[in-house]
Amino acid sequence: MANTISITKLLDGARFAVFHIYIKSDGATGDLADHVVIDPAADLNPLLNAVPSLTIDEIWYDLSGFDARLEFDYLVDDTAVWTLYGGNGVHMDFTPFGGLKDRSQVLDGTGKLMITTNGLLSAGDNGTIIVKV
């Protein structure tokens, strides 16, 4: 069996998109490492040909039993955009200062938003993340 990772696009407008990410541990597979959750070249409408520069405007999350780190796909790994610590109903709004911008093009990035988890080990571990980009 494998961990459940379900990604649903809730809204795809001309200026922003909203994605719902559900993660559930199978109790055996372990943590996710650099799992792509948003690929602008495949997940946005219209599809973007060049390496786009996403900006995370808001994040809502509820994680039980694990933490997670969001990062853009850089040539240099472990450059966290934001760390999500286990918690109930957390909302982060980055719009007052222009959002969390993907600056990976400088480092040969792909524009993809990825997730890495820490502690996704027990069968009861699960979480929901909503990202507005």
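**Strand pairing, core and aromatic contacts in a predicted model**

Q: Which residue of β11 is the bridge partner of Glu58?
A: In this predicted model, the partner of Glu58 in β11 is Lys132.

Q: What makes β5 and β11 a strand pair?
A: Pairing requires at least two bridges.

Q: What makes β3 an edge strand of the open sheet?
A: The open sheet has four strands in the order β3-β10-β6-β7, with antiparallel pairing. β3 pairs on one side only, as does β7, and these two are the edge strands. From one strand to the next, the twist averages 30 degrees.

Q: How do you know that β3 and β10 pair?
A: They share three bridges in an antiparallel arrangement, where at least two are needed. Within this pairing, His35 has Ile115 of β10 as its bridge partner.

Q: Why is Thr55 called buried?
A: Its relative accessible area is 17%, and buried means under 20%; Thr55 therefore falls in the buried class. Thr55 is found in strand β4 (residues 55-56). Leaving aside neighbours within four places in sequence, its contacts are Gly98, Gly99, Leu100, Lys101, Lys132 and Val133.

Q: Which residues have the most contacts inside the largest nonpolar core?
A: They are Ile56 and Ile129, in a core of 28 residues. Elements giving two or more residues to this core include β3, β5 and β11, while β2 gives the most, with four residues. Beyond four places in sequence, Ile56 touches Phe72, Val81, Phe94, Gly99, Leu100, Leu113, Val131, Lys132 and Val133. In soluble globular proteins, nonpolar side chains tend to be buried together.

Q: Why is the pair of Trp82 and Phe94 called edge-to-face?
A: The ring centres are 4.9 Å apart and the planes stand at 65 degrees. Pairing needs centres within 6.5 Å, and edge-to-face needs over 60 degrees between planes. Both conditions hold, so the pair is edge-to-face. Trp82 lies in strand β7 and Phe94 in the loop between β8 and β9, so the pair ties together parts that are 12 residues apart in sequence.

Q: What makes Phe94 and Phe97 an aromatic pair that is edge-to-face?
A: Their distance is 6.1 Å centre to centre, with 70 degrees between the planes; the limits are within 6.5 Å and over 60 degrees. The count of aromatic pairs comes to two, and ring pairs link Trp82, Phe94 and Phe97 into a cluster.

Q: How do you know that the charged end of Lys132 sits over the ring of Phe16?
A: The charged end of Lys132 is 4.3 Å from the centre of the Phe16 ring, where the limit is within 6 Å. The rule also requires a position within 35 degrees of the ring normal, and Lys132 is assigned as sitting over the ring.

Key:
Residues numbered from 1 in each chain as written. Predicted model: local features only at pLDDT ≥ 70, side-chain atom pairs only at ≥ 80, totals over all residues. Heavy atoms only, no water. Core = buried A, V, L, I, M, F, W, Y, C linked by side-chain atoms within 4.5 Å. Buried < 20%, exposed > 50% of the residue type's maximum accessible area, 1.4 Å probe, protein only. Contact = heavy atoms within 4.5 Å. Phe/Tyr/Trp six-rings, centres within 6.5 Å; stacked < 30°, edge-to-face > 60°. Axes fitted to C-alpha atoms, helices over the stretch in contact; angles between N-to-C directions.
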